[in-house]
Amino acid sequence: MNAPAKAPWLEHRERGTRSATRFMKWLALRCGRRVARLVLYPICAYFLLFSPRARKASRQYLDLALGRQARLGDLWRHFFTFSSTVLDRVYFLDGQLARFGIEIQGLDLVPRNLVNGRGCLLIGAHLGSFELLRSLAIERKMRVSAVMYENNADKITDVLSSVNAAVASTTIAPSAVDTVLRISERLAAGEIVSMLGDRFAGSERGVMCRFFGREAAFPQGPLLLAHSLRVPVLLFFALYRGGARYSVLFEPFCEEPPAERAARAAWVHQSTQRYADRLEQLCRLAPYNWFNFYDFWSRSSD
């Protein structure tokens, strides 16, 4: 049931220079989104031509999500969708949510799960824009901390943090020695903690699940944490719909994990499979929104 996780995505360091990233930030804020999006075309063309590993991984995934052999146009759309959501992070962090058409479903579930002073866990994925959650939290005056591994994209992280330095204080690094303690403290204070459930943060063990009809390892950390801390779990996704439109989904997942420690392993496995099933459904619904540009099915159960 469990598989060792070597986090191959951590080996794929971001490409590009810090100065180029700063230029894109300047262009986005000074010249507007329409002009900045024009620059995405040569950027995407470059990566599509000169990133063979990412191109291969995109094709592997899109073949499954689309149910047919992915064409070059599909790969382009996948890369361009990713680039668009990265660009939009600048506007989200700058508080410019009004420039977007954002449809939100299920937001009322969040306060309903914050009862008796306890917090709740939001689990998302590298699907659409995770950054939109933190911007919505600021706008709606919700206390949300994000567990995010940022070292492999430190250029983008540093530049975007300069747009809104306050966001950096809400980030918890998953590989820090006090990570679990910090998460526990914030949940005990009635806050919301958000995590991504489709990518390993380090050498944690994983759960083998069926994903697009094939075996893939998913991290057990998020749901194991929910079980240990006895907090409710919601799912969160923000799908990019093209243009300046996003669909934000908050979905019920688990009101309170079972207390029995003996049943923990089975519950974590079953719940992780439920998460993988829902992620697959959304990937089929919005196939160009999933941004894991590495061989997701490379781990085995050995």
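**Cavity, pocket and fold of the predicted model**

A search of the whole structure finds one cavity of 30 Å³ or more; a cavity here is a set of points on a 1 Å grid over the protein atoms alone where a 1.4 Å probe fits but cannot get out. The model is predicted, so local features need pLDDT of at least 70 and side-chain atom pairs count only at pLDDT 80 or more, while totals for chains, interfaces and linings use all residues. Residues are numbered from 1 along each chain as its sequence is written, and side-chain values use heavy atoms, with hydrogens and water left out.

The largest cavity has a volume of about 50 Å³, a volume being the space filled by probe spheres set on grid points that are joined across faces, edges and corners. Its lining (residues with an atom within 4 Å of a point) consists of Ile 123, Gly 197, Pro 219, Pro 222, Leu 223, Thr 272 and Tyr 275. By class, the lining holds five nonpolar, two polar and no charged residues, where Ala, Val, Leu, Ile, Met, Phe, Trp, Tyr, Cys and Pro count as nonpolar, Asp, Glu, Lys and Arg as charged, and the others, Gly among them, as polar.

Pro 219, one of the residues lining the cavity, is also the bridge partner of Gly 206. Strand 7 (residues 205-211) and strand 8 (residues 214-219) run antiparallel and are joined by six bridges; two strands pair if DSSP finds at least two bridges between them. Together they form a hairpin with two residues between the strands, and Phe 212 in the turn has a positive phi of about 55 degrees.

Turning to open space, the second largest pocket has a volume of about 200 Å³. A pocket is an open set of points with protein on both sides within 12 Å along at least five of seven lines. Among the residues lining this pocket are Arg 77, Phe 80, Thr 81, Tyr 240, Arg 241 and Tyr 288. Helix 4 (residues 72-93) gives the most to the lining, with three residues, and the lining as a whole divides into six nonpolar, four polar and two charged residues.

Overall, the protein has 11 helices and 10 strands, taken as DSSP runs (H or I, at least four residues, for helices; E, at least two, for strands) numbered from the N terminus. Strand 4 and strand 5 pair in the parallel sense over two bridges, with Ala 146 opposite Thr 171 in strand 5.

Within strand 6 (residues 192-196) lies Ser 194, which is buried, with a relative accessible area of 0% (buried means under 20%, exposed over 50%, partly exposed in between, with a 1.4 Å probe and protein chains only). Leaving aside neighbours within four places in sequence, the contacts of Ser 194 include Leu 122, Phe 130 and Ala 146, contact meaning heavy atoms within 4.5 Å.

In helix 9 (residues 179-188), Thr 179, Ile 183, Arg 186 and Leu 187 are buried. These residues lie on the same side of helix 9 because they cover an arc of only 100 degrees around the axis, the arc being that of the directions from the helix axis to the C-beta atoms. Leu 181 and Ala 188, on the other side, are exposed.
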